[in-house]
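This briefing is for a reader new to the structure.

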Amino acid sequence: MASLKKRGAGRQLHGGKVAYAVLILFTIGSLFPLVWTAIAASRNNTRLAETPPPFWFGGNLFKNLEIAWTDANMGTALINTLVVAGTITVGTVLFSTLAGFAFAKLRFRFRGLLLLLVIGTMMVPPQLSVVPLFMMVAEFGWTDQLQSVILPTLVSAFGVFFMRQYLIEALPTEVIEAARVDGASSLRLIWHVVFPAARPAMAVLGMLTFVMAWNDFFWPIIALTQGGEPTVQVALAGLGRGQIPDQSVIMAGALLGTLPLLIAFVLFGKQIVGGIMQGAVKG
Amino acid sequence: MRYRTRTSRTAVVLAAVTTLAAGLLAGCAEDSDEDEPGGSSGGGGGGKGKTTLTVGVFGAFGLQEAGLYDEYEKLNPDINIKQNSVQRNENYWPALLTHLSSGSGLSDVQAVEVGNIAELTGTHASKLVDLGKTSGVDKNAYLDWKWQQGTTDDGKTIGLGTDIGPTGICYRKDLFKKAGLPTDREAVGKLWAGDWSKYLDAGKRYQKKAPKGTAFVDGATGVMAAVHASGKEKFYDAEGELIYQDSAGVQEGWDLAAQFAEAGLTAKLQQFQPSWDQAFSNGSFATVTCPPWMLGYIKDKAGDKGEDQWDVAAAPKPGNWGGSFLTVPEAGKNKEEAAKLVAWLTAPKQQAKLFDKRASFPSAEAAYGLPEVKDAKNPYFGDAPVGQVFAKAAEGVPVQPIGPKDGIISQYLADTGMLGVDQKGTSPDKAWDKAVKTIDNALDQ
Amino acid sequence: MTDIPSDTRTAAPSTGEEGAAPRARAVAALDPAAERRRARRSRRYRWDMKWSPYALIAPFFLFFIAFGLFPLLYTGWASLHRVELGTPTDMEWVGLRNFSRLLEDDFFWNALRNTFTIGIISTVPQLVMALGIAHLLHYRLRGSMFFRVAILTPYATSVAAATLVFVLMFSRTDHGMINWALGLIGVDAVDWQNGDWTAQFAVSSIVIWRWTGYNALIYLAAMQAIPNDLYESAALDGASRWQQFRHVTIPSLRPTILFTCVVSTIGATQLFGEPLLFSQGASPTGGSDHQFQTLGLYLYEQGWFNQHLGRSSAIAWTMFLILVLIGLVNWAISRWIRRSA
């Protein structure tokens, strides 16, 4: 991380016209489906069955958004997803920082073994645990309640590994030793030394976790089957199944489900890009 | 400086921890809220003595919309009714199964679709209350086949029928006229009365002079389902043996639907998808199989443009498409009150009201003579006497054995079989083999 | 968020304002009360040193064991049983039958094949394009931050939302956006969903759209880490931009490329949401011919549609073994690269 500044200079070459042209094309390709979602959401089902497809906004946007909000349950879904993704993000960041610090800087028995366990399960696909999770959730009577999607994703092995890697470098061991010599308790140490040092990485991990939790699909559609308390993705899957067979309403739902993250990207784009690039260098 | 960073950090961490705690608490709170089977306030010593009954349904079931809960609450001031509705049965049913097996998360009353009722009578009957013994329930008021579907082999009636879906054929008068076919509903019915192959012949006639951009039917899968519903046997025989591969009715449906596809008489659509809806408003097909509830759907989708264009005639052979049951789980807290509610909701009088308000056709034969049914006309469909049309169809619906996996079999026959014939031009034999393979794989535990 | 190091160092020594243990030692050596206090404090200190690591990892491991490790192992147990969705507690031992039947299960092999081909046609163009875009972004550009944010927006779009939009754009008839565009250049409307390759291509295009920008940023980050003198000396040798890209950029990026390959492969192996929602009515069969049914989708179909949780578990474990295999291959390749470098 420390060397980021130095290498920031990178290459000094200026981009030519071709570079701009390609990048602009690619940007259009990236943005077009989203813009077109909004266009389609502002039309009606019949218009979307005509040729050529619409390229400008129609007058039905608010009507369709309203139908999606109520009939497709997107309103409840957005609030639920906020609760779910928010809780998961806080849990993951907090617990990952604590455990990551312990693995990075403290000595205790079985440290190597436990770390190996964490790293070993990092790449295990979620498919491998859905069947028992589903049985557990059914057994506890949690189906269709938000804790069924919060609790299983509240911690992440990747998060622990990520924080450990970061803290090994970012938190000099001498600083900890100095604090210990001063008689600082572990609580004080974490509060005054670890958290400040870990803050940038916590922000990156938090952002990655939030986006992931917001967009999580596989487990939620299994756990929240009845659709009474959907997350955004569950509600969208319902639209995909044909719950409201109206393309313009489906697009309005997709728009509603994407908008919050899009707004965040517009507001914090620079930080998010920086975070992903830093995360990449670490990971 | 340092002070400031510290407070902001404190604030952030506090906020974070609060969020976490609130999230977890919210989860737990909900948990304790809905944990007790049979709904919240229960009969407990609340003092007020009001019992809240919960009713779990899927889709727009109609009981609430028709005002039946309100009416029941007025008749029984100490009862409160709360409905939990799930949009799609595909989501509702697996969840209901898991709730039944764990005995938690259940409503006092649970609706069950006809495609799933056999799985309940077959393997989960012990978890449901026998409603046949509830006072006020008269077996003879119901269509016999409907009653039997909700009853186990040893005579325990776990589900009381709400509605049924006797089928007719909805058709476009304007398109029929342009294609040189009769438009009067009697004459149209005679065109194909008694034989599905006559329906195919009518399609061929239509195609010769078909208005541009229109097809005779919506899709081959719809035709197949309609024929399957009208046969003596479908996927199981009376002994409960799986016979879908050899059943004459299944074969007839498959062959006929394939002929529709190969002759190009279909609009290649899959039902309940956006393109199907679009086709209603564009008027790109002339006929569709119609249970009573489909009339409302068509009116919704075809809109003002379709006013007075649609009519409904008798099907070549009537079948049953859809319909539901109400059950009472044993794990519920208010079993007796729930059973009373179910008995009232499914009584002929209430079923007639439901038909009047929501076009759900009664499964209680005794309702057919009531004025709400007998005199019912549908203005959007040229004042068709829908009560009589469908009552007649209901009499002709065959008593068809149903089985636990009916739903899966019919979906695979369509999705991995007939759909390919219709949309891709796969040869019917090849598609059949594929569908059979998929079904066998799905049924093999 | 970028100035990490300086921040760390200033914030770190914030302790010690009151915890004056060492100083106290000198002053209060003879005072018995202080002595006791000191002993108590040091006892507490030792206790703290010994147990706090466990306290720190405890919350993580509590959840991890309950919702990560236990389910993982239990899936293995369930895969050896006949378990049905309706009666999950009623398990019947069947040994390895759920695995052995996979060998002759055409749907499994079909899903494996599809997962593989969709994986290839989504991963390869995605990474190649990402590399090219990263290269361009590495130039000095006006509005470079705008480009970076813009190409990352698909990453903010969920699988479900993206797929619903692409389904509409890939509509069968000529009113679909893509068929309409093809029509402009004289190509007949394509029935994307019903063709084997067309469907796989369409599903892959969703993956490509969502992840290319993200990977481009990752490559860009790695490119910025390449020391400038490498380029300078290459330029002195008269290397063109293209030659610099080939002989300086690509070799330096090897570890990153390998990393993105692994991550994309893992993602591709688990592909689920895109093929599920791409079919009409979100049928788990992946088209009428199972033409785009992936392993993840087949697992879902067996478990939650056909209601065979045991068979579903066996597919999950097989998937895991495949991932382990991929991991081993990756490890071998990276060793080989390191040795040859």
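A cavity is a set of points, on a 1 Å grid over the protein atoms alone, where a 1.4 Å probe fits but cannot get out. Grid points are joined across faces, edges and corners, and a volume is the space filled by probe spheres set on the points. The largest cavity here has a volume of about 90 Å³.

This is a predicted model, in which local features need pLDDT of at least 70 and side-chain atom pairs count only at pLDDT 80 or more, while totals for chains, interfaces and linings use all residues. Residues are numbered from 1 along each chain as its sequence is written, chains are lettered from A in the order in which they are written, and side-chain values use heavy atoms, with hydrogens and water left out.

**Cavities**

- The structure holds five cavities of 30 Å³ or more.
- Residues that line the largest cavity (an atom within 4 Å of a point) include Thr81(A), Val84(A), Ile88(A), Trp214(A), Asp216(A) and Trp219(A).
- By class, the lining of the largest cavity has seven nonpolar residues, three polar and one charged, where Ala, Val, Leu, Ile, Met, Phe, Trp, Tyr, Cys and Pro count as nonpolar, Asp, Glu, Lys and Arg as charged, and the others, Gly among them, as polar.
- Helix 4 (74–105), helix 10 (186–215) and helix 11 (218–223) of chain A each supply at least two residues of this lining.
- Helix 4 of chain A gives the most, with three residues.

**Fold of chain A**

- Chain A has 13 helices and zero strands; helices (H or I, at least four residues) and strands (E, at least two) are DSSP runs, numbered from the N terminus.
- The C-alpha atoms of chain A fill a box of roughly 75 × 60 × 30 Å, taken along the principal axes.

**Record annotation**

- An unreviewed UniProt entry annotates "transmembrane region" at residues 20–39, 77–101, 113–137, 149–168, 189–214 and 249–268 of chain A.
- Residues 189–214 of chain A are 100% helix and 0% strand, with end C-alpha atoms 33 Å apart.
- Residues 249–268 of chain A are also 100% helix and 0% strand, and their end C-alpha atoms are 29 Å apart.

**Contact between chains A and C**

- The contact (heavy atoms within 4.5 Å) takes 125 residues from chain A and 113 residues from chain C.
- One salt bridge is counted between chain A and chain C, a salt bridge being a side-chain nitrogen of Lys or Arg within 4 Å of a carboxyl oxygen of Asp or Glu.
- Arg180(A) forms a salt bridge with Asp48(C), and the closest N and O atoms are 3.8 Å apart.

Methods
On a 1 Å grid over the protein atoms alone, a cavity is a set of points where a 1.4 Å probe fits but cannot get out, and a pocket is an open set with protein on both sides within 12 Å along at least five of seven lines; lining residues have an atom within 4 Å of a point. UniProt positions are given in the numbering used here, feature names are shortened, and annotations may be inferred rather than shown by experiment.
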